[in-house]
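Thanks, everyone. Please have a look at it first.

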Amino acid sequence: MNRALAFALALAIAAGAALSVSRAEAQEVVLRLHQMLPPQAAIPARALVPWMAKVEQDSGGRIKVEHYPSMQLGGAPPSLYDQARDGVVDLIWTVLGYTPGRFPKSEAFELPFMVTTAEATSRAFHEYVLANAMDEFKDVHPIALHTHGPGLLHVKGEGVHKLEDMAGLKIRTPNRVASGMLTAFGATPIGMPVPAVPESLSKGVIDGVAIPWEVTLPLKIAELVNTHTAFSGDHGLYTSTFIFAMNRDSYAGLPADLRKVIDDNSGPEVAALFGRAMDEVDVIGREAAEKAGNSLVTLDPAETARWQEAARQTTEDWIAEMSAKGIDAAALVEDARQRIEKYSSR
């Protein structure tokens, strides 16, 4: 090969490489996000949509996120995590408790009377998972892990004014741990995804539901029950845990600069965004119940202490169950409490 031909070939190779880089830099990506709630609910409206807008902005419009609420792409809410794992969709937001027992170390935050505010507890939960439980999420790429605010009881009829009022009530339970807690209180826990609650209340399948205030709005719970029972002190009855996650291959297949966009929009600050959305709409949910003329009950410190004592067995049982699996559950509970306290005292 003469020198002129070699030089021309080198130029052609360089030009091709430059064109390839240029195309990679200009690559546009469409990600499909699937979740179970209607678009006006707290997390879709105040967390997912702002996150989508921020990612699109930070990527210069190269990442587009298509939002599919209310299970529009098929399946039931418990299938969402596996949809992300299997690449059926690129992004999901879901409740960890929809697949009971699958994320055992993460359940520490669902124990009775752990939660304070959703924002503080969400920061604590994301950090806790990074430190203790990332092996539970190795099949997906987590973006944020968070909780909702203080859960409370929303019950038909005379409602709940003391521990004894729970006897025989059929209460929709949000997760496996809460089922044990409700049983300890004398109620019968009934498991179901939250979208099924309104019909179940209307038909008498359940007498009430354990959810935070913000979830009452899209489900119109204030129109279906008569009383709402909360507790004294800084710690609510329970919380549920959530994950916002991406398919691992969808993440790995992004150009490096677009992976950085996802990375920059992941982590404790995003978890706090999701928690803050819950806290903000909790206020609106409570106001809706007041406007409906419902009875809002806050148990006094002495009565609250009775519930906390009754719930102690749930925590002890969980520690024993996890310890039998080789998990240092007592240490996990203490770690969870310390992280919640750190962010709640700020």
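By a cavity I mean a set of grid points where a 1.4 Å probe fits but cannot get out. The model here is a predicted one. It holds 2 cavities of 30 Å³ or more.

Start with the largest cavity, whose volume is about 170 Å³.

Now the second largest cavity, at about 70 Å³. Its lining has 13 residues, and the closest to the centre are Leu 96, Gly 97, Phe 103, Glu 107 and Glu 110. How does the lining of the second largest cavity divide by class? There are 3 nonpolar, 6 polar and 4 charged residues.

Next, the protein as a whole. It has 12 helices and 11 strands. Along the principal axes, the C-alpha atoms fill a box of roughly 95 × 45 × 35 Å. Of the 346 residues, 52% are buried. Taking contacts between residues at least 6 apart in sequence, 77% join residues at least 24 apart. The accessible surface comes to about 14700 Å², and carbon and sulfur atoms account for 54% of that.

That is what I have for today.

Technical notes. Residues are numbered from 1 along each chain as its sequence is written. This is a predicted model: local features need pLDDT of at least 70, side-chain atom pairs count only at pLDDT 80 or more; totals for chains, interfaces and linings use all residues. Side-chain values use heavy atoms; hydrogens and water are left out. On a 1 Å grid over the protein atoms alone, a cavity is a set of points where a 1.4 Å probe fits but cannot get out, and a pocket is an open set with protein on both sides within 12 Å along at least five of seven lines; lining residues have an atom within 4 Å of a point. Grid points are joined across faces, edges and corners, and a volume is the space filled by probe spheres set on the points. Ala, Val, Leu, Ile, Met, Phe, Trp, Tyr, Cys and Pro count as nonpolar, Asp, Glu, Lys and Arg as charged, and the others, Gly among them, as polar. Helices (H or I, at least four residues) and strands (E, at least two) are DSSP runs, numbered from the N terminus. Buried means under 20% relative accessible area, exposed over 50%, partly exposed in between (1.4 Å probe, protein chains only). Contact means heavy atoms within 4.5 Å. Accessible areas come from the Shrake-Rupley method with a 1.4 Å probe; for residues, only the protein chains shown count as cover.
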